[in-house]
Amino acid sequence: MNGTIDVAIVGSGPAGCTLAALLALRGIRSVVFDDDKRPELLVGESLLPRVVSLMRRLDIEDRNKTFAQHKPGVGFIARDGSRLDFFFPHTPIGGVPNYAYNVPRPQFDNLLRTRAEELGVVFVKRRAELEKGSTPEREIQLSADCLASVPELNGRHPKLLVDSTGRARVFAKVIGVGSKRGKRNDVAYFAHFEDFDVQAKREGQAVITTLSRGWSWRIPLPGRLSVGVVVDKAVAKEHGDTPEERLESIINSEKFLAPAGKNRRRVTPVMTYTNYQLISERGHGPGWVAAGDAFGFVDPMLSPGLFMAMHSADLLDQHAFSKGAAILDQPAKLAKAFDKVFAELLDWHEAWSELIEYFYDGRMYALHAAGVQLSEKWGENALPRLMERHLTKHITRLLSGVATRSRYGRNLLKFSLKHLVWDVEPAENFAIRA
Ligand SMILES: Cc1cc2nc3c(=O)[nH]c(=O)nc-3n(C[C@H](O)[C@H](O)[C@H](O)COP(=O)(O)OP(=O)(O)OC[C@H]3O[C@@H](n4cnc5c(N)ncnc54)[C@H](O)[C@@H]3O)c2cc1C
């Protein structure tokens, strides 16, 4: 690809690489900064079906299959051992594939990067240094040293900078963009194991388990199981001093994890992540825009992270760049297009937060218990059973990212949680405890 480089993307995670590749497909050249210092393991291993649509668009699904595990759905094990199992439907839903993948993240990120490189994107191995902008058209800019380090830029500052630095939120910190944080403040420890039972109903199903305090994930990968625990920071301290001690002690003390992992062998170091929710006060300004976690991130229980990161890149591409690079010289039009992107992203965040809360506060499990009782009482083909099937279909669509923002699905769920739950244990008994 020839021509000047108009866009500099800071951060080569899923958001940055997806955007770089999509821009290249439009003939817009970009440069991506990243220091390439990736740890051996990264969270973000369980994907949603809509990520597969994006893989197809980027023509990388076949290569992804060589290292990924097919994922047919997700299961939830409640405190009392009851299960909620959701499987993606037998046929594609609204053009979206009816399956997803679990992936070793570093390999998945490398694949996205390779694809972007194949499309002509220039990668620069260094952390980008940024400073407040020196003109009204540029709220933030690359430092002179950083600019000079990329020969392809010929000393010319790019027209647009993209913050895809994930939770580092580098731009927001330089120019002082505030944020709103959610109420949880957990820590997550995870590692890969061999000979650890996932308790899946179908091969590849990811399983979320309510712990005595906090929750855990078990994500099957080829030949391994990713096991993570997400607990309040105070709880973590009760389980030892190091991440290794804490992860092992929590597994050993849990009634579902301990027997499932009794023969386990840990085959990687234990990684630590803080877990919280955050949304920036704004996602763009003169000469810059944010993508992925740099704008906002949701709790990981339902695995929306990579989808949101890649979809934010897709939205930027669709709303701002569908007619090519000319918009980069029309700041008012560009700002209007970005407004549209962030209105849509905020709606996504709201929809995910609403759904995740039903799992945290126990109402989803109470609804399921009520559904089981109804079908036991009325039989397979009676109206309550048909209603339950209809509801399950819509919850699966909400969880899969296919129709998470659907007003009908959200209202149906809200109505059911309010009016169809009786004669079962109170929701608090199923809630995730801090
Ligand atoms: C505990 C936990 C579990 C999770 N589980 C899942 C899951 O199962 N499924 C899922 O989909 N999501 C999950 N997520 C969320 C997922 O990891 C993120 O949403 C996703 O990684 C966001 O992608 P991104 O591209 O926005 O940012 P990142 O993946 O964080 O990428 C940002 C990149 O920017 C680089 N960078 C930072 N500063 C600079 C700089 N100054 N210059 C150059 N480069 C820089 C970093 O090195 C990094 O490579 C989980 C998150 C947590 C905390």
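Select strands β14 and β15 to begin: they pair in the antiparallel sense over 7 bridges. Helices (H or I, at least four residues) and strands (E, at least two) are DSSP runs, numbered from the N terminus, and two strands pair if DSSP finds at least two bridges between them. The model is predicted, so local features need pLDDT of at least 70 and side-chain atom pairs count only at pLDDT 80 or more, while totals for chains, interfaces and linings use all residues. Residues are numbered from 1 along each chain as its sequence is written, and side-chain values use heavy atoms, with hydrogens and water left out.

**Stop 1: the hairpins around β14**

Select L221 and R224, which are bridge partners in this pair, R224 belonging to β15. The hairpin of β14 and β15 has 2 residues between the strands, and G223 takes a positive phi near 75° there.

T210 stands opposite W215 of β14. The hairpin of β13 and β14 has 4 residues between the strands, and in this hairpin G214 takes a positive phi near 85°.

Now display the side chains of β14 (residues 215-221). Are they buried or exposed? Strand β14 is mostly covered, with 7 of its 7 residues buried; buried means under 20% relative accessible area, exposed over 50%, and partly exposed in between (1.4 Å probe, protein chains only). In a regular strand the side chains alternate between the two faces of the sheet. From β14, W215, W217, I219 and L221 point one way, and S216, R218 and P220 point the other way.

**Stop 2: S226 in β15**

Select S226, found in strand β15 (residues 224-232). S226 counts as buried because its relative accessibility is 0%. Which side chain makes a polar contact with the side chain of S226? The partner is the side chain of E45, at 2.5 Å. A polar contact is a pair of N or O atoms within 3.5 Å; within protein, one must be able to donate a hydrogen and the other to accept it, and residues adjacent in sequence count only if both atoms are side-chain atoms.

Show the surroundings of S226 as well. Not counting residues up to four places away in sequence, S226 touches E45, F190, A191, H192, W217, R218, I219 and L221; contact means heavy atoms within 4.5 Å.

**Stop 3: the ligand**

Select the ligand and the residues around it. The ligand is surrounded by 29 residues, of which the closest are D34, S46, A128, D293 and L306; a residue is near a molecule if one of its heavy atoms lies within 4 Å of it. These shell residues divide into 12 nonpolar, 11 polar and 6 charged. Ala, Val, Leu, Ile, Met, Phe, Trp, Tyr, Cys and Pro count as nonpolar, Asp, Glu, Lys and Arg as charged, and the others, Gly among them, as polar.

- A15: a backbone N or O atom lies 2.9 Å from an oxygen atom of the ligand.
- V43: a backbone N or O atom lies 3.4 Å from an oxygen atom of the ligand.
- L306: a polar backbone atom is 2.7 Å from an oxygen atom of the ligand.

Taken alone, the ligand exposes 1000 Å², and the protein buries 88% of that; accessible areas come from the Shrake-Rupley method with a 1.4 Å probe, and for residues only the protein chains shown count as cover. Colour α1 (14-25), β2 (30-34) and α10 (305-320), the elements that give two or more residues to the shell. The largest share, 3 residues, comes from α10.

**Stop 4: the sheet that contains β2**

Strands β2 and β7 run parallel and are joined by 4 bridges. Within this pair, V32 stands opposite F123 of β7.

**Stop 5: the three-stranded sheet and G296**

Finish with the open sheet of 3 strands in the order β11-β18-β21, with antiparallel pairing. Its edges are β11 (179-181) and β21 (296-297), each with a single partner strand, so one side of each is left without a neighbour in the sheet. Strand β18 (residues 278-280) is joined to β21 by 2 bridges, and L278 stands opposite F297.

Select G296, which lies in β21 and is buried, with a relative accessible area of 5%. Not counting residues up to four places away in sequence, G296 touches L278, I279 and H349. The C-alpha atoms of G296 and S179 are separated by 8.6 Å, although the two residues are 117 residues apart along the chain.
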